[in-house]
Amino acid sequence: MQKMANEEVRNIVIVATAIFLIAPAFILAYIFIYNRRKKANIEEKEKMKLTFDTEIIKTHLEVQEQTMQTIGADLHDNIGQLLSLTSLTLNSIELDNHTKAQQKIEAAIDLTVRSIKEMRQLGKLLQGDQLVVMGLSEAIRHQITWVEKSGKYQVSYVEDGEIPAANNPDKDLIIFRILQEILNNIIKHAAATQINIKLEYLNKQLQLEIVDNGIGFNAENLPFAKRGMGLQNIHKRAAIIGGEAAIKSTEGEGARATIFIPYP
């Protein structure tokens, strides 16, 4: 009986000793795994932040490049023509004919005033980033103004829901660049005459929809280069700010691009 009791005590001591020896190993293993996961999580967050910051810088540069291209085209096609007409009008004035001279002077003044207005518009366009800071809606309206100036497109713009006053400039910039990219694709490839843009805010989500009545396309038949530089870029930019993009099109029936973004 005494022997059995001693055996049980010895077994208990062995088990307890094993537990005391193994427990620290488990604790150390747990701490090691926890620290490794924590480090991996921190590295992943830093990588995501770096990717986001890189995309923001890239988007800033692209918006500036787009702005300069628009300004260059407008200086050549619009303001240049206005100033040329002003010069021709002034050079054609005959001082001997007072009535006609007065009419031409008034016409030259009108052309000069229109040129000044156009220059002021260009001045606002130079502040492209500032337009986005002022609000996404304001930036979209300015972009629509420049699209309409070509005279080739009828553009409708509708807002639905109250967009929060506390906006997110980084998100606004990327959304604005997505809009620019889609409009550029419509202008270059769609042969459209009507563009409908809708900005809707509902349940803490911003939805931007762009519809055109162009020739449409079949995404599977697009050359890989166009697919990579166009559609995938739009999806990538939407994803980087926590959103998604849906692009639907049928050949001969135009296209619809819808961007869903958590906001602000």
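This is a short talk on the salt bridges in this structure.

Okay, some housekeeping. We're looking at a predicted model, where local features need pLDDT of at least 70, side-chain atom pairs count only at pLDDT 80 or more, and totals for chains, interfaces and linings use all residues. Residues are numbered from 1 along each chain as its sequence is written, and side-chain values use heavy atoms, with hydrogens and water left out.

So, how many salt bridges does a search of the whole structure find? Four, where a salt bridge is a side-chain nitrogen of Lys or Arg within 4 Å of a carboxyl oxygen of Asp or Glu. I'll walk through some of them.

Take R141 and E159: their closest N and O atoms sit 3.1 Å apart. This pair ties together distant parts of the chain, with R141 in helix α4 (residues 136-148) and E159 in strand β1 (residues 154-160), 18 residues apart. Helices here are DSSP runs of H or I with at least four residues, strands are E runs of at least two, and both are numbered from the N terminus. R141 is partly exposed at 41% relative accessibility, and E159 is partly exposed at 33%. For the cut-offs, buried is under 20% relative accessible area, exposed is over 50%, and partly exposed is in between, using a 1.4 Å probe and protein chains only.

Next up, R256 and E209, at 3.0 Å, N to O. Again distant parts of the chain are linked: R256 is in strand β5 (residues 255-262), E209 in strand β3 (residues 205-212), 47 residues apart. R256 is partly exposed at 38%, while E209 is buried at 18%.

Finally, E200 pairs with K198 at 4.0 Å. E200 is buried at 19%, whereas K198 is partly exposed at 30%.
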